[in-house]
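Subject: Structure handover

Hello,

Here is the structure for you to look through. My notes follow below it.

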Amino acid sequence: DLSHIKIYVCGPTVYDKIHIGNARPLVVFDTLVRLLKFKYPKVTYVRNITDVDDKINDRLLSEKISLKELTMKTISDFQKNAKSLNNLNPDYEPRATEHISEMINMIENLILNDFAYLSQGNVLFNIKKFSEYGNLSNRSLDEMISGSRVEVADYKINSGDFILWKPSEPNLPGWESPWGRGRPGWHIECSAMSKKYLGVQFDIHGGGADLIFPHHENEIAQSRCANNTKSLANYWLHNGYVNIDNVKMSKSLKNFVSISELLKRFKGETIRYFLLQSHYRAPLNFSNNSLLEANTSLSSLYRSVEDLSVNGDPDEEILNNLEDDINTPKVFSRLHYLSEQANKGSIEAAQILKNSSQILGLLENTSDNWFKTNSSNEDDLSINKLTKSQILELIEKRANAKTKRDFELADKIRKSLDDEGIVLEDNANGTDWRYK
């Protein structure tokens, strides 16, 4: 039904700050949602928050804090990061802890239909009961299990059977259920939340490539068996990994860079630009230089749309490229072509470039604001040492020096600002300034 497009994307597990690898699906699927909202009358976008998980429990025990304390802080950090990357808010952002009853209902249904069994206090899904298990990842059972972190346990009928519910020790978060006090398995959380907000079948399910197996494979199995449907989502989209020095970035390898850290040195929009430069399915290699280059490229686009505001539809070619499996590399080459034409004097190209900003979540700032607040330059990656008020004070001091015809002092002030990476531009109304 094209009158209402429904999309579900796996959001963060909130035990720590998000890193640039976690930010990639946020930005990729936000761009897709922007396109869908432009094209279709109604789009419902659900991006969940996993706030029940063994990794969260490990943090609770090691830091001796409550679930609420940890997750409130981490969710707040996550939402600030998502906003700084120019992401639209999803229509629903359900938290696992608020949907325990829906999960219990689904598990009861799976037991009733003989797809799940109780063993040593655990409820498990029997993968042999679902003949299409493995179709999403397109691998045999043995291949999948040997290549992933499937827990070997004596309480399973088959080694690939996965947990739907498990008992909780008294010192860990838990909820009352027909099988005793416990907590849900990770996979059932997304199945219950997508069903509540989008129904038993929907259009698009997105997430990182690392979620294909076991997470998405298990979601399909339990959702289809609990709801008796032929599919869960019509289309599955998975973004590639972000690597650091060609090694996959992950919290377990401790080779990740948090978005909060990067935002001290770069604008969120620069990070967004970097994440969209490559095709979403391809791996992406992160380095400090890659962000500096993204910042320079984005600044060149901002120079081309000075003083313009959105006035009309996005560029047709950009729309076509986005519709072709979100082909952002082609989109970016078109952006820079329009920028070149604008720099050669084409007002039409500049306007089309600005009109395309909203669908990409780029160039949404004013050019003036972009250059005044953009503090990353190659020599000094820390935030500029001078505050805004100090810069304005020096500009005023220089203006007074010029009035008194003390050009030596005026030049000295201009040079000291230049050394700080600040460019002064004199005009009829006084002096404007921007970062290099």
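Two strands count as paired if DSSP finds at least two bridges between them. Keep that in mind for what follows. Note too that this is a predicted model.

Start with the strands. E3 (residues 116-119) and E4 run antiparallel and are joined by four bridges. E3 and E4 make a hairpin, with two residues between them. Gln 120 sits in that turn and has a positive phi of about 50°.

E4 also pairs with E5. That pairing is antiparallel too, over three bridges. Here Phe 125 has Phe 162 in E5 as its bridge partner.

Now the side chains of E4 (residues 122-125). Asn 122 and Leu 124 point one way. Val 123 and Phe 125 point the other way. All four are buried. In a regular strand, side chains alternate between the two faces of the sheet.

Then turn to Asn 158. Where is Asn 158 placed? It lies in the loop between helix H5 (141-146) and strand E5 (162-167). Is Asn 158 buried or exposed? Buried, because its relative accessibility is 15% and the cut-off for buried is under 20%.

What does Asn 158 touch, leaving aside neighbours within four places in sequence? Its contacts are Tyr 117, Asn 126, Ile 127 and Lys 128. With Asn 126 there is a polar contact, side chain to side chain, at 2.7 Å.

Best wishes

Notes
Residues are numbered from 1 along each chain as its sequence is written. This is a predicted model: local features need pLDDT of at least 70, side-chain atom pairs count only at pLDDT 80 or more; totals for chains, interfaces and linings use all residues. Side-chain values use heavy atoms; hydrogens and water are left out. Buried means under 20% relative accessible area, exposed over 50%, partly exposed in between (1.4 Å probe, protein chains only). A polar contact is a pair of N or O atoms within 3.5 Å; within protein, one must be able to donate a hydrogen and the other to accept it, and residues adjacent in sequence count only if both atoms are side-chain atoms. Contact means heavy atoms within 4.5 Å.
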